[in-house]
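Visitor: I would like to learn how to read helix packing and aromatic contacts in a model. Could you take me through one?

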Amino acid sequence: MARRFGPAAWMGGAFGAALAVGLAVLLRLGSSVDAVAVATESVARVAFVFFWPAYAGGALAALFGPAFAGLARHRRAFGLAFAAALLVHLAFVAWLFRISSPQPVSDTVALYFGVGALWAYGLALGSWKRLSDVFGARLWRIFSTAGLEYIAFLFFRDFVLLPLQYDVRHPLIYYGPFAILIIVVALLRWTAALRGLHPPGYAPRRSPP
């Protein structure tokens with residue numbers, strides 16, 4: 001399917017899906033600070049739907065065989081789709097900062113989420129061979145592995161650590177499925193890595209120069 005539609009179509013679809021979800025929340029709840037916060041969180045979940053197969057595809061193929069080979073081959077398309085959906089999320093975050101007083105998160109939290117966003121777009125840009133060749137194969141693997149694990153940690157923080165630390169709304173429904181997915185994929189990736197089946201790095205199928 002990724003070959004049929006191409007990266008641009010995946011990115012456009014992910015961007016449209018994230019925007020549609022965010023606008024649907026606003027149409028239902030209005031444009032208050034709380035409504036924009038819910039929309040921001042909802043768009044983040046759409047982005048995660050595309051991040052998960054990009055993060056999990058290689059490990060699933062290594063552990064469970066050819067049934068997941070197609071998913072592994074299309075990690076680049078899913079990664080670019082995640083970057084497109086993330087752009088919508090960042091737009092909602094900017095809106096939330098503009099209308100909130102005080103700001104919705106601390107400067108420290110904003111900083112490490114900002115680092116995650118920069119890393120996501122670094123990975124997206126590096127999926128084109130001419131740009132990734134600047135790093136070299138070894139350095140690119142280190143950069144992509146660290147980036148993926150850092151982004152995964154940010155999702156783990158939102159879906160697992162925060163619900164455990166604070167009294168959140170509807171934790172089982174709103175956080176539970178995503179918490180299970182991020183924990184499972186981390187276990188799969190590192191199980192495959194420890195068994196030597198698949199390194200915990202991101203080796204996307206890159207476009208020709």
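Visitor: In which hand does α7 cross α9?

Guide: A crossing is left-handed if the near helix is turned anticlockwise from the far one by less than a right angle, and right-handed if clockwise. Here α7 passes α9 in a left-handed crossing. Before we go on, this is a predicted model, in which local features need pLDDT of at least 70 and side-chain atom pairs count only at pLDDT 80 or more, while totals for chains, interfaces and linings use all residues. Residues are numbered from 1 along each chain as its sequence is written, and side-chain values use heavy atoms, with hydrogens and water left out.

Visitor: How many helices and strands are in the protein?

Guide: The protein has nine helices and zero strands; helices (H or I, at least four residues) and strands (E, at least two) are DSSP runs, numbered from the N terminus.

Visitor: At what angle do α7 and α9 pack?

Guide: Two packed helices are described by the angle between their axes and the distance between the axes. Axes are lines fitted to C-alpha atoms, for helices over the stretch in contact, and angles run from 0 to 180 degrees between N-to-C directions. For α7 (residues 137-165) and α9 (residues 176-194), the angle is about 145° and the axes are 9 Å apart.

Visitor: Which residues of α7 and α9 meet?

Guide: Contact means heavy atoms within 4.5 Å. On the α7 side, the residues include F155, F156 and F159, and they face a set in α9 that includes F178, I182 and W190. The residues of this contact divide into 11 nonpolar, no polar and two charged, where Ala, Val, Leu, Ile, Met, Phe, Trp, Tyr, Cys and Pro count as nonpolar, Asp, Glu, Lys and Arg as charged, and the others, Gly among them, as polar.

Visitor: How many aromatic pairs does the structure hold?

Guide: Rings of Phe, Tyr and Trp (its six-membered ring) pair if their centres lie within 6.5 Å; planes under 30 degrees apart count as stacked, over 60 as edge-to-face and the rest as tilted. The structure holds 15 such pairs. One of them, F48 with F178, is edge-to-face, at 5.9 Å centre to centre and 70° between the planes. F48 lies in α2 (residues 33-64) and F178 in α9, 130 residues apart.

Visitor: Is F48 buried or exposed?

Guide: Buried means under 20% relative accessible area, exposed over 50%, partly exposed in between (1.4 Å probe, protein chains only). F48 has 1% relative accessibility, so F48 counts as buried. F178, at 17%, is buried too.

Visitor: Which residues form the aromatic cluster?

Guide: F48, F51, Y55, F82, F155, F159 and F178 form one cluster.
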